[in-house]
Amino acid sequence: MNDVAYMARAIRLAQAGLFTAHPNPRVGCVIVVDGEIVGEGWHEKTGGPHAEVVALAAAGDLSAGATAYITLEPCSHTGRTPPCTEALIAAGIGRVVIGMKDPNPKVAGSGIEKLEQAGISVEVGVLEGEARKLNPGFIRRMEQGLPYVRAKLAASLDGRTAMASGESKWITGESGRADVQRLRARSSAIVTGAGTVLSDDPSLTVRMETVSQQPLRVIVDSHLSTPASSKIFRQEGSTLVVTASEDGEATEELVNAGAEVIQLSSAGQGVNLQELMKYLAERECNEVMIEAGATLTGSAIACGIVDELVIYMAPHIMGADAKGMFRIPGLEAMENRIGLHIIDVRSVGDDIRITALVADKD
């Protein structure tokens, strides 16, 4: 095996923390001596040991002179846990191969520098593209102060998300709905609109036995019209209502129901979604998923906060009177189209899942 193969193994290990590591990055580590893996680990959850510490413990005395393959530059500062650079140095690691530099300003190359100052050989950039794919939200938050935003939609083959009456359960099949659970589980926050809560009364929870912590549920409610009796307030985890309203009585009712309520500035007729994303990043939200109706989803795309669309297309037709996927006013000419890059198309049960990146995003 070579450096690429061992780094690929470290990346697979890091994926084990896909649903549990946030707000920390997903990181994997493999320790190798004479072509043999003697220790490996991944970062499972915030406050727990980092991948390097787990792998070093597994390797024990065999770490001396070994090569460590780590998907992300080791931390060099004391946060919730001690610096991993010190653990690597103390273990006598002889060489470190790193997938990518840490975008966290508290690290940003200082971990590499400390390892080199200790006489350890360091190589950076092995499978960097794959290493970056592990943590799109953490990277975006560290570099731009924003989360990575994914909008999920379920639609019929003719692009309809609900009947004219509002009925929408269920458009997709069981396999598609189970796949959505995995998207929710990897998200720090799930954003919906007051209209969706009023029409569907959703729980917006992750229903997977392997997930112990629920994402933050966020309701965008410009006029505080969400009923305090809504099911979403009775679920495990926290619910945040974001509004532009100053209605103190409605705010008190929602707080008494168990919600946290914050007021942000308005943009047009609704909450400023760009300001909301900055706020969620400040709350250490890495990946945010929007599960909402055509108005909020359309507004999110139009204001430029959406990075990725995940669309589940079901094999049926709902007709011209049914509701569409997006409501985006002002797209009157072909030159106004919003471009997408389709990066994946696959079957999920009887449905088709299309994953696309918004073309003008970085």
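This is a predicted model: local features need pLDDT of at least 70, side-chain atom pairs count only at pLDDT 80 or more; totals for chains, interfaces and linings use all residues.
**Ground rules**

I number residues from 1 along each chain as its sequence is written, and my side-chain values use heavy atoms, with hydrogens and water left out.

**Entry 1: the core**

I began with the nonpolar core, meaning a set of buried Ala, Val, Leu, Ile, Met, Phe, Trp, Tyr and Cys residues joined through side-chain atoms within 4.5 Å. Buried is under 20% relative accessible area, exposed is over 50%, and partly exposed lies in between (1.4 Å probe, protein chains only). The largest core has 34 residues, and Val218, Leu276, Leu280, Ile290 and Val306 have the most contacts inside it. Elements that each supply at least two residues of this core include β6 (148–156), β8 (189–193), β14 (287–290) and α11 (294–302). Which element gives the largest share of this core? I found that α10 does, with five residues.

**Entry 2: salt bridges**

Next I looked up salt bridges (a side-chain nitrogen of Lys or Arg within 4 Å of a carboxyl oxygen of Asp or Glu). The structure holds 17 of them.

- Asp3 pairs with Arg95, and their closest N and O atoms are 2.6 Å apart. Asp3 lies in helix α1 (residues 3–14) and Arg95 in strand β4 (residues 95–100), so this pair ties together parts that are 92 residues apart in sequence. Arg95 is partly exposed, at 23% relative accessibility.
- Arg150 pairs with Glu308, with 2.9 Å between the closest N and O atoms. Arg150 sits in strand β6 and Glu308 in strand β15, so the bridge ties together parts 158 residues apart in sequence. Both Arg150 and Glu308 are buried. I also see them in a salt-bridge network together with Arg26, Arg186 and Glu287.
- Asp344 pairs with Arg353, the closest N and O atoms being 3.5 Å apart. Is Arg353 buried or exposed? I noted it as buried, with a relative accessible area of 15%.

**Entry 3: surface patches**

For patches I took residues with over 30% relative accessible area and no salt bridge, joining like charges within 9 Å and nonpolar side chains (Val, Leu, Ile, Met, Phe, Trp, Tyr) within 5 Å. Lys and Arg count as positive and Asp and Glu as negative, with His and the chain ends not counted. I place each charge at NZ of Lys, CZ of Arg, CG of Asp or CD of Glu. Accessible areas come from the Shrake-Rupley method with a 1.4 Å probe, and for residues only the protein chains shown count as cover.

- Lys169, Arg207, Lys231 and Arg234 form a positive patch. Arg234 belongs to the loop between β9 (216–220) and β10 (239–243) and is exposed, at 58% relative accessible area.
- Asp247, Glu249, Glu252 and Glu253 make a negative patch. Asp247 is in the loop between β10 and α9 (248–256) and is partly exposed, at 35%.
- Leu331, Ile338 and Leu340 form a nonpolar patch with about 230 Å² of accessible area together. Leu340 is in strand β17 (residues 340–348) and is partly exposed, at 40%.

**Entry 4: one more look at β17**

Arg346 is also found in strand β17, and I noted it as partly exposed, at 43% relative accessible area. The C-alpha atoms of Arg346 and Gly298 are separated by 24 Å, with the two residues 48 apart along the chain.

Definitions and conventions: Helices (H or I, at least four residues) and strands (E, at least two) are DSSP runs, numbered from the N terminus.
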